[in-house]
Amino acid sequence: MMHASQQPGSSPHTHTGRSTARVMQLVLLATLPGIAALVFYFGWGVLINLLLASLTAIVAEAAILKLRQKPVGFYLKDYSALVTAVLLAVALPPLAPWWLVVTGTLFAIVIAKHLYGGLGYNPFNPAMVGYVVLLISFPVEMTRWLTPATILDSGANLPGLSQSLALVFTSSPALDGLWDGISGATPLDLFKHNSGQLVEQFYQGEVLFSEGRWAGVGWEWVNLGFLAGGIFLLWQRIFTWHAPVAMLAMLLLLALIFHDGGSSHSLGSPALHLLSGATMLGAFFIVTDPVTSATSNFGRLIYGALIGLLVYIIRAWGSYPDAVAFAVLLANFAAPFVDYYTLPRSYGHERRRRATEQQE
Amino acid sequence: MSNTNTYQKLVVDGLWKNNPALVQLLGLCPLLAVTGSVVNALGLGLATLLVLVGSNIVVSLVRRQVSDAVRLPAFVMIIATFTTCTELLMKAYTYELYTVLGIFIPLIVTNCAILGRAEAFASKNGVWASAVDGLMMGIGFALVLLAIGAVRELLGSGTLFADMQLLFGPVAENWTIRILPGGYHFLVAILPPGAFLVTGFLIALKNSIDHRNEKRAAAKRQPVVAGSKRIRTTEVAD
């Protein structure tokens with residue numbers, strides 16, 4: 001077994017013999033704990049999102065592969081479309097209207113992935129492109145999250161399967177009343193609207209925080225679920241630790257600095273920033289995308305830290321409560337630039353070269 | 001006028017082969033910024049057309065008097081003059097549209113499509129040819145603006161020709177055509193990313209049409225004679 005310090009950064013190096021399909025299957029498997037937590041707290045809506053996105057992704061992938069005259073079966077079997085669909089679906093609010101999920105998935109697969117040349121050529125993470133397109137196009141539908149099941153008011157329940165299907169596929173006004181009982185702000189959104197209370201006071205006033213352990217009921221477990229999946233993938237050596245750890249470390253550092261001891265001007269505790277929103281999903285499933293991130297280990301450290309920085313800046317001083325998707329897309333822009341300046345030392349050379357140096 | 005610049009060629013160049021927006025990719029800033037609706041696109045397209053024709057004519061008229069060293073400042077001054085005229089005209093007759101388009105009207109001065117035509121064409125050709133070139137380039141630019149504006153308005157808000165009264169007065173108040181049901185909206189098409197996407201798709205469409213035409217032309221040049229086994233050395237009798 002190779003020592004960790006000898007682990008190669010990028011191609012061309014030893015091969016594990018794992019196919020793309022196997023890698024994607026493992027990634028899908030690793031999303032299960034997070035998805036389980038989401039289903040537990042938010043109900044059927046999560047599963048409907050997943051199913052809708054997966055079906056759309058497979059149909060869109062097959063159709064566009066056919067259009068591009070590529071072998072449909074061969075590429076469909078690499079599971080990459082399914083991974084994109086799942087990562088997008090878990091980021092969407094449960095019980096979102098069906099067209100929202102379908103539009104986002106189509107955008108991710110057709111425009112963000114295939115128009116740029118398909119798997120391996122897309123400069124931007126397709127799932128995040130789909131998410132951002134939806135977020136800026138349909139702000140109302142995209143911010144209508146649910147209250148976690150365990151802290152719903154007495155008498156209110158998450159809708160069952162048939163009612164969930166009705167909410168997703170029809171827009172009858174009769175169901176509007178149902179929303180009032182079950183919709184609620186996310187912890188980051190809620191915290192953003194803290195006006196002048198001490199963090200401790202604010203937490204006591206909001207059930208979402210007072211009933212939660214670290215960062216809001218439900219959300220902390222969703223994040224821990226994705227963290228567990230991420231650790232599994234690290235153990236399986238699907239990706240290296242550099243990018244996710246750099247991102248989380250940067251986020252932690254900034255949160256520590258600006259937490260301000262929980263004063264009325266606090267920008268959120270480290271626990272809130274690490275265990276809420278899409279932090280862990282982003283750190284282990286989005287930032288680690290081998291296509292759109294930086295290539296060398298050192299480059300990945302910079303890339304991850306950049307995302308952590310951007311996430312914090314947008315969360316703290318921007319107008320959106322969460323920022324993982326925006327931060328990832330901005331860092332995707334920067335990834336080739338990071339690569340340009342972080343070429344690793346190649347075998348047989350004394351020192352590493354800059355890409356700008358002339359070849360002799 | 002030299003033989004290479006027949007009027008027909010000027011028309012084809014301006015509208016299609018050398019279209020300022022789709023081939024030269026000039027003037028992209030206003031192209032991307034104001035094409036959120038048909039009326040905005042048409043307004044800016046007409047304003048640009050007016051400036052382009054005027055500046056091409058005047059540049060062509062003074063081309064022998066202006067020395068090479070000062071030609072660029074001179075061209076910019078001429079373009080700025082026409083832009084100011086257009087701006088004042090719009091303020092007088094279509095004030096609301098003028099406020100909607102805002103900074104992009106004065107910014108026509110910096111539209112490189114206009115300076116590009118002055119430098120590449122009008123400063124080397126006669127007045128008539130320059131006028132036709134300006135007109136065709138301007139129409140080509142305006143048509144692309146219009147196409148992008150129409151697609152973005154349709155995708156973004158589901159209507160076509162909304163608010164045309166800003167440009168045509170009260171007559172046009174009922175010109176709005178609602179194609180997709182009310183309440184429909186898809187903001188990304190109206191926001192800047194939509195401009196880039198739609199422009200990209202239009203360029204791809206143009207290229208694929210060109211590609212197909214080329215293929216067809218190539219196929220015509222070498223007729224395949226079915227069943228022919230030997231090389232014909234004489235003309236084929238039909």
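**Exercise 1.** Find what share of chain B is buried.

*Solution.* Start with the rule: a residue is buried if 20 or more other C-beta atoms, placed from the backbone, lie within 10 Å of its own. Then apply it to the 238 residues of chain B: buried ones make up 35%. Keep in mind that this is a predicted model, where local features need pLDDT of at least 70, side-chain atom pairs count only at pLDDT 80 or more, and totals for chains, interfaces and linings use all residues. Residues are numbered from 1 along each chain as its sequence is written, while chains are lettered from A and ligands numbered from 1 in the order in which they are written.

**Exercise 2.** Describe the helices and strands of chain B.

*Solution.* First, take helices as DSSP runs of H or I with at least four residues, and strands as runs of E with at least two. Next, count them: chain B has 10 helices and 2 strands. Finally, read along the sequence to get the pattern α-α-α-α-α-α-α-β-α-β-α-α.

**Exercise 3.** Explore the largest nonpolar core.

*Solution.* A nonpolar core is a set of buried Ala, Val, Leu, Ile, Met, Phe, Trp, Tyr and Cys residues joined through C-beta atoms within 7 Å. The largest one has 106 residues, and A:Leu88, A:Met128, A:Met247, A:Ile307 and A:Val328 touch the most other members. Now look for the main contributor: helix α5 (residues 80–91) of chain A gives the most, with 10 residues.

Note on methods
Buried ≥ 20, exposed ≤ 12 C-beta atoms within 10 Å, placed from the backbone.
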